Amino acid sequence: MHRAAPKNDIDEAVLTVTPPKTEAAGVKAVAVALERAVEEMGVVRTARTLVRVNQRHGFDCPGCAWPEPTGRRRPAEFCENGAKAVAEEATLRTVTPEFFAQHSLDELSEKSGYWLGQQGRITHPMVLRPGDTHYTPIAWDDAYRLMADTLRGLDSPNEAVFYTSGRTANETAFLYQLLVRSFGTNNLPDCSNMCHESSGAALTSSIGIGKGSVSLDDFAKADLIIVAGQNPGTNHPRMLSALGEAKAHGAKVIAVNPLPETGLIGFSDPQTLKGLTGGINIADDFLQIRLGGDMALFQGLGKLLFEAEDRAPGTVVDRAFVDAHTAGFEAYEKQVRAVDLGIVEQATGLTRADLDRTARLLAESKATIVCWAMGLTQQVHGVATIEEATNLLLLRGMIGKPGAGVCPVRGHSNVQGDRTMGIWEKMPDAFLDALDREFGITSPREHGWDTVDSIRAMRDGKAKFFFGMGGNFVSATPDTEVTEAALRNCELTVHVSTKLNRSHVVHGRTALILPTLGRTDEDLQDGVRQQVSVEDSMSMVHLSTGRLKPVSEHLRSEVAIVCELARALFGPDHPVPWARFQRDYDQIRDAIAKVVPGCADYNAKVRGRNGFQLPHPPRDAREFRTATGKANFAANELHWLPVPPGRLILQTLRSHDQYNTTIYGLDDRYRGIHNGRRVVLVHPDDIAAFGFVEDELVDLISEWTDPAAPEAPPRERRVEGFRLVPYSTPRGNAAAYYPETNPLVPLDHVARRSNTPASKAITIRLERHVHRA
């Protein structure tokens, strides 16, 4: 059994629990944001920095990918967690060579990710050589030489893995994939593999493009907005403003989630008079669905829409749209008409009245948007679930019309842009052909490894070199013990980072930490300030310009790191003009314009008032570039998650003091958790039924049966010392924070067709915690 023990620098004994909040944002959020910012940056740096966040001549927030308005922007165009993200990056705290001399690797390995992140910005490139107990400084040229020598010494380019975080800008992403393909591999895993890969797979199959079809302006034109498997109040707080505006224009909002999320209950906009005196209710209806029941919900709603069409022919199914623009309608209709609504009620935990009420709103709405996030994507049947949500929109003709469409809400601020720029292990031949024509290289055509397959390859000795462009790979990935062992199996691990994280203490035989500029930092190349560009969740591309003086002269921009590594690896005669790209980022954008679809005249368009929107054929012209030439209905067999006797289904999630793997603090204010993180939220009746009491410490043991060996005993993994917190969640379900619970997620427990870790569908049992000496 795999076992994960707590780190020793967080005193979970002082953890307290209070009733959950019923209102998000407001004055409290402003106070917390300013307190954290001043603590990290000081008063003057805070004032200089926050006024530039998400402004047209400022920098893009390094947090989420929610878009900025195309009209007037407010003075504070950021949220509480955006301010925390900026403060973390723009902190005055530093991690110097002296810090590494004082702290051995063994000591750092015992620290929590929260402690590591709180130490500050890394100031120098550092190396850990075989047998060393401490990281020591290394010159940049020596670091590049070490990487180049290791890469050239591999038996095959496919023994190298090049990971990418979603915060990498478009210019870096384009050059990074160009370097990797010039080297000869498509091993380009990224954080999309672990979040919205299921969305991309489903939407590409259904409508021909793996991106959302709505713009921010569509929210004010919608009649109905369904928010499924998502917590905007913590993960995308500025979305609450868009939902509030939609409600002001008469829209209805339905929240579909196992947990009641504060932001969808009440929202106090701190930049309005009303928000300072009281909030608004966001969700008109809350469907508290069981984990894994979303596919059943969408299929049940489809059945009810067909029944409504039977009662009033021509009023529910948009026959003109279906006949002209879709394929597979008959198979879909046959599938959902056969659905047993009793099974739907059992799978979802909802009542027939809940289903009828939602179906009626869908039938009456003239413009419907469906939004979702990890609650749908990180399920074993996540791809099919998203196809079923898309089916409902196709049935009603809700693609390619104002106020309607699909809206996968992305996390990292440029995760969608990275994919547009070519960060994918399966880029189409047309993209690779254009890349080869422009640069005179020969890109490999063999598909590479995604994140899960990369871990498998490192585990099995098939990959020996790991390069992480940003992010915290160890804490972002599943099956922590297996992932850490896989990285330790490498000859060289390299992390391009702004701050310390757990990945820096989980190393190959040799390890490098390369300090880079952040989004807030001024980027000077040959004395000229450079700008980068990013793409938001709704396909808008715009510039971002850092202004802060870097904390160290030894920092390099991500673009510079890629270009300098390429020159060391390929030599001066390589056909790609790496030195020119490093000096002038406009040159990179000119190359992007020639290679990336939709990016013609990039330099001019990105300098427009709002940047520019990439083309989206279904949205723009109801054109569907699928194999059928039409939007495709999917006919999926119904799957859901029954709860085994004596067990729970666990979902992993973030706290409010967290963005992805970055822990800002130890409070989850909206859920009432304070001064700690090792909690498991369970229905009070389940706590009693299992013979436990509130606040008792338990161990969580996941049980997983390999589908390839169903007769074998379940494989178990354990995390220890979690406090039981009674919470409003469906019977048989539970929730706990990641990365603390990542060890429970088996590497092979993935979504079908997307290979995304199924972190919202983990079968666990609870055992009373026994203190060990």
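Visitor: What is the handedness of the crossing of helix 9 and helix 20?

Guide: The crossing of helix 9 and helix 20 is right-handed. Keep in mind that this is a predicted model.

Visitor: Okay, and which residues make that contact?

Guide: On helix 9, the contact is made by Ser 198, Ser 199, Ala 201, Ala 202, Leu 203, Ser 205, Ser 206 and Ile 207. Helix 20 brings Gly 382, Val 383, Ile 386, Glu 387 and Thr 390. By class, the residues of this contact divide into six nonpolar, six polar and one charged.

Visitor: At what angle do the axes of helix 9 and helix 20 cross?

Guide: Roughly 45°, and the axes come within 8 Å.

Visitor: How many residues line the second largest pocket, and which lie nearest its centre?

Guide: There are 34 lining residues. Ile 209, Gly 210, Lys 211, Trp 424 and Pro 428 lie nearest the centre. Split by class, the lining has 13 nonpolar, twelve polar and nine charged residues.

Visitor: And how much space lies in there?

Guide: About 1,100 Å³ of space lies in the second largest pocket.

Visitor: What about cavities, how many does a search of the whole structure find?

Guide: The search finds four cavities of 30 Å³ or more. The largest cavity has a volume of about 60 Å³.

Visitor: Which residues line the largest cavity?

Guide: Glu 68, Pro 69, Thr 70, Arg 73, Asp 536, Met 540, His 542 and Asn 610 line the largest cavity. That lining has two nonpolar, three polar and three charged residues.

Visitor: Back to helices. How do helix 1 and helix 2 cross?

Guide: The axes of helix 1 (residues 26-41) and helix 2 (residues 43-50) come within 7 Å and cross at roughly 120°. Helix 1 and helix 2 are therefore oblique to each other, and their crossing is right-handed.

Visitor: Who's touching whom there?

Guide: Helix 1 uses Leu 34, Ala 37, Val 38 and Met 41, while helix 2 uses Val 43, Arg 45, Thr 46, Thr 49 and Leu 50. Those residues divide into six nonpolar, two polar and one charged.

Visitor: How about helix 7 and helix 26, what angle do they pack at?

Guide: Helix 7 (residues 140-152) and helix 26 (residues 558-570) pack at an angle of about 55°, with axes 9 Å apart. Helix 7 and helix 26 are therefore oblique to each other, and helix 7 passes helix 26 in a right-handed crossing.

Visitor: Which residues meet there?

Guide: From helix 7 you get Trp 140, Tyr 144, Met 147, Ala 148, Leu 151 and Arg 152. They meet Ala 560, Ile 561, Glu 564, Leu 565, Ala 568 and Leu 569 in helix 26.

Visitor: Where does Pro 739 lie, and what does Pro 739 touch?

Guide: Pro 739 lies in the loop between strand 33 (733-737) and strand 34 (762-768). Leaving out residues up to four places away in sequence, Pro 739 touches Ser 475, Gln 658, Ile 663 and Arg 677.

Visitor: And is the phi of Asp 695 positive or negative?

Guide: Asp 695 has a positive phi of about 75°, although Asp 695 is not a glycine. Most residues other than glycine have a negative phi. Look for Asp 695 in the loop between helix 31 (684-689) and strand 31 (697-704).

Conventions. Residues numbered from 1 in each chain as written. Predicted model: local features only at pLDDT ≥ 70, side-chain atom pairs only at ≥ 80, totals over all residues. Heavy atoms only, no water. 1 Å grid on protein atoms, 1.4 Å probe; cavity = no way out; pocket = protein on both sides within 12 Å on 5 of 7 lines; lining within 4 Å. Points joined across faces, edges and corners; volume = space filled by probe spheres on them. Nonpolar A, V, L, I, M, F, W, Y, C, P; charged D, E, K, R; others polar. Axes fitted to C-alpha atoms, helices over the stretch in contact; angles between N-to-C directions. Helix = DSSP H or I, 4+ residues; strand = E, 2+ residues; numbered from the N terminus. Parallel < 35°, antiparallel > 145°, perpendicular 65-115°, else oblique. Left-handed = near helix turned anticlockwise from the far one by under 90°. Contact = heavy atoms within 4.5 Å.
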